[in-house]
Amino acid sequence: MSSIISVNDLCLWYGQTQALKNINMEIPEKSITALIGPSGCGKSTFLKTLDRMNDLVSGVKITGEVKYKEQNIYAPGTDVNELR
C-alpha cells in the first residue's frame, strides 16, 4: 500500500526548546493511524506540523520534510488553505 504522508527527519523547535526530534514515519493511504504517548511528548505539536498550524506560532523552526501525496507541504508556493 502506498503512503499518503511521508515524514523524514522532522525536527521542531519553539525558540531554544526542541519539541520534535528526528521523526520518520510513513502513513499508508486509507489507513487508521493513532498517535499515543504521555502528556507533553509532542503529539499535538506533530499534528499541528502536518496541517501547518505551527506557521501561526512565533519562534518556531522546522527542519526535515513532510510530504502529502508526494508534495512537500513546506515547499514555497504551497497553498496552506488547500492543504488543510
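**Reading a predicted model**

Me: Val57 sits in the loop between α1 and β3 (60-68). What are helices and strands here?

Reply: They are DSSP runs, numbered from the N terminus: helices are H or I with at least four residues, strands E with at least two. This is a predicted model, where local features need pLDDT of at least 70, side-chain atom pairs count only at pLDDT 80 or more, and totals for chains, interfaces and linings use all residues. Residues are numbered from 1 along each chain as its sequence is written, and side-chain values use heavy atoms, leaving out hydrogens and water.

Me: Is Val57 buried, partly exposed or exposed?

Reply: Buried means under 20% relative accessible area, exposed over 50%, and partly exposed in between (1.4 Å probe, protein chains only). Val57 has 32%, so it counts as partly exposed. Its C-alpha atom is 8.5 Å from that of Tyr14, 43 residues away along the chain.

Me: Which residues form the largest nonpolar core?

Reply: A core is a set of buried Ala, Val, Leu, Ile, Met, Phe, Trp, Tyr and Cys residues joined through side-chain atoms within 4.5 Å. The largest has eleven residues, among them Ile4, Leu20, Phe46 and Ile73. β1 (3-14), β2 (17-28) and α1 (43-50) each give two or more. The largest share, five residues, comes from β1.

Me: What does Leu20 touch, beyond neighbours within four places in sequence?

Reply: Contact means heavy atoms within 4.5 Å. Leu20 contacts Leu10, Cys11, Leu12, Gly42, Thr45, Phe46 and Thr49.

Me: Which side chain makes a polar contact with Ser6?

Reply: A polar contact pairs N or O atoms within 3.5 Å; within protein, one must be able to donate a hydrogen and the other to accept it, and residues adjacent in sequence count only if both atoms are side-chain atoms. Ser6 lies in β1. Its side chain meets that of Glu26 at 2.7 Å. Ser6 has 11% relative accessibility, so it counts as buried.

Me: How many salt bridges are there?

Reply: Side chains of opposite charge can pair when their charged atoms come close. The rule wants a side-chain nitrogen of Lys or Arg within 4 Å of a carboxyl oxygen of Asp or Glu. The count is one. Arg52 pairs with Asp55, the closest N and O atoms being 2.8 Å apart. Arg52 is buried at 13%. Asp55 is partly exposed at 37%.
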